[in-house]
Amino acid sequence: MTLEADTTPPWDPAFEELLRTTLVDLPTGPALHADLDLPAAGLDSMRMVVLLSRIEERYGLVLPDEYLAMETFASPGALWQALVAAGGQG
């Protein structure tokens, strides 16, 4: 019997959908990896503002200023952790 690694992302499907609709150049197919380099995937400052707005609207929160840094938007995992810390999920 072989144990396979759990490939289920730590976030809900709506979060991934927000990423995919904002970063339209992401490949379709398997779930995104938590360590995906979002800037390399097309997340520039304009898309960051759009993504932030969509996240805040979807989850009914405002990310505190301390999370409005490039490190937060570096990867889906980092962004999801900020969202959880801000009370959006968890």
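Analyst: Leaving aside neighbours within four places in sequence, Leu51 is in contact with Leu18, Leu19, Thr22, Leu43, Phe73 and Leu79, where contact means heavy atoms within 4.5 Å. This is a predicted model, in which local features need pLDDT of at least 70, side-chain atom pairs count only at pLDDT 80 or more, and totals for chains, interfaces and linings use all residues. Residues are numbered from 1 along each chain as its sequence is written, and side-chain values use heavy atoms, with hydrogens and water left out.

Leu51 is also one of four residues, with Phe15, Ile55 and Tyr59, that touch the most other members of the largest nonpolar core, which has 23 residues. A nonpolar core is a set of buried Ala, Val, Leu, Ile, Met, Phe, Trp, Tyr and Cys residues joined through side-chain atoms within 4.5 Å. Buried means under 20% relative accessible area, exposed over 50%, and partly exposed in between (1.4 Å probe, protein chains only). Helix 1, helix 2 and helix 3 each supply at least two residues of this core, and helix 2 gives the largest share, five residues. Helices (H or I, at least four residues) are DSSP runs, numbered from the N terminus.

The structure holds three aromatic pairs; rings of Phe, Tyr and Trp (its six-membered ring) pair if their centres lie within 6.5 Å, with planes under 30 degrees apart counted as stacked, over 60 as edge-to-face and the rest as tilted. The centres of the Tyr59 and Trp80 rings are 6.2 Å apart and their planes stand at 75°, so this pair is edge-to-face. Because Tyr59 lies in helix 2 (residues 45-59) and Trp80 in helix 3 (residues 76-85), the pair ties together parts 21 residues apart in sequence. Tyr59 is buried, at a relative accessible area of 10%, and Trp80 is buried too, at 9%.
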